[in-house]
Amino acid sequence: LFQVVHAHKPHFMALHCQEFGGKNYEASMSHVDKFVKELLSSDAMKDYNRARVYLDENYKSQEHFTALGSFYFLHESLKNIYQFDFKAKKYKKVTGKEIYSDTLESTPMLEKEKFPQDYFPECKWSRKGFIRTRWCITDCAFDLVNIHLFHDASNLIAWETSPSVYSGIRHKALGYVLDRIIDQRFEKVSYFVFGDFNFRLDAKAVVETLCAKATMQTIRAADTNEVVKLIFRESDNDRKVMLQLEKKLFDYFNQDVFRDNNGTALLEFDRELSVFKDRLYELDISFPPSYPYSEDSSQGKQYMNTRCPAWCDRILMSHSAKELILKVSTD
């Protein structure tokens with residue numbers, strides 16, 4: 001992060017985190033405060049004299065907890081910057097550094113929502129939702145939305161239909177967010193939505209392409225007859241195993257296909273955003289799939305074989321925000 005700051009020297013920086021505190025947040029949330037304090041006091045960030053940090057650390061409230069963290073850093077050279085108070089419905093000048101954590105529901109400088117429980121697969125609470133803040137820099141207003149959408153619970157279920165049932169749930173949740181941030185309560189402004197969308201490749205199509213010359217073996221549970229594993233073998237070449245698919249296993253024999261040329265050969269299977277092409281814009285993807293990288297730091301460039309690698313982490317924007325970006329880059 002500090003290398004990026006040093007290289008680009010941004011005047012306004014937004015950092016959106018999901019699953020703050022990690023998967024074992026009850027045990028790990030205690031490390032978050034240290035991380036935040038080091039970030040704010042570091043020498044690399046000394047020229048950022050104003051900051052706003054919003055951390056949803058209230059994991060004891062299942063009804064509200066999203067594990068989202070939104071950081072905003074303002075360079076000392078940046079003048080006339082204001083943040084919107086959603087309760088008072090007016091902008092307030094940003095000064096100093098402030099950290100808000102635990103209960104964000106009472107903070108008027110943001111809107112935070114967890115998706116309705118009936119959005120959740122099997123009606124179990126999850127940590128999915130969004131945080132929205134609104135900013136104004138020299139009369140240019142825009143929303144920044146930190147988002148976390150639903151994951152794929154089972155590779156086997158994702159493989160069954162095209163598009164998958166999980167894709168439909170993400171579509172519904174993202175539509176909910178977009179409708180929420182342009183409703184009639186506040187003036188409409190340009191917006192940027194970025195975070196973990198959990199967008200996945202079309203599983204059925206990508207498997208059929210990767211294993212076009214393979215034969216499929218189906219393995220079922222003895223007691224329930226439920227499909228628990230699919231094995232794809234090359235038709236010749238000693239029937240070499242190309243792919244093994246289980247609920248939480250996606251073991252493809254050649255990971256290079258996901259990394260070569262940033263995995264662009266697979267971008268045709270990244271289809272979830274097409275539903276929103278009239279509402280959202282995205283710059284060209286020029287990075288490899290962002291998930292699921294190994295959690296073993298000694299194998300940081302390897303993907304785990306739990307899921308098919310995909311571009312889960314994205315920066316999307318309204319078409320008016322796109323015009324803003326293009327105008328700034330040429331003006």
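Colleague: Which ring does the charged end of Lys172 sit over?

Modeller: The charged end of Lys172 lies over the ring of Tyr119, 4.4 Å from its centre. A charge sits over a ring if NZ of Lys or CZ of Arg is within 6 Å of the ring centre and within 35 degrees of the ring normal. Arg134 is over the face of Phe84, at 5.4 Å from the ring centre. Keep in mind that this is a predicted model, where local features need pLDDT of at least 70, side-chain atom pairs count only at pLDDT 80 or more, and totals for chains, interfaces and linings use all residues. Residues are numbered from 1 along each chain as its sequence is written, and side-chain values use heavy atoms, with hydrogens and water left out.

Colleague: What describes a pair of aromatic rings?

Modeller: The distance of the centres and the angle of the planes. Rings of Phe, Tyr and Trp (its six-membered ring) pair if their centres lie within 6.5 Å; planes under 30 degrees apart count as stacked, over 60 as edge-to-face and the rest as tilted. That rule gives 28 aromatic pairs. In one of them, Phe12 and Trp135 have ring centres 5.2 Å apart and planes at 80°, so the pair is edge-to-face.

Colleague: Which parts does the pair of Phe12 and Trp135 tie together?

Modeller: Phe12 lies in strand β1 (residues 12–17) and Trp135 in strand β8 (residues 129–137), so the pair ties together parts 123 residues apart in sequence. Strands (E, at least two residues) are DSSP runs, numbered from the N terminus.

Colleague: Is Trp135 buried or exposed?

Modeller: Trp135 is buried, at a relative accessible area of 0%; buried means under 20%, exposed over 50% and partly exposed in between (1.4 Å probe, protein chains only).

Definitions and conventions: Helices (H or I, at least four residues) and strands (E, at least two) are DSSP runs, numbered from the N terminus.
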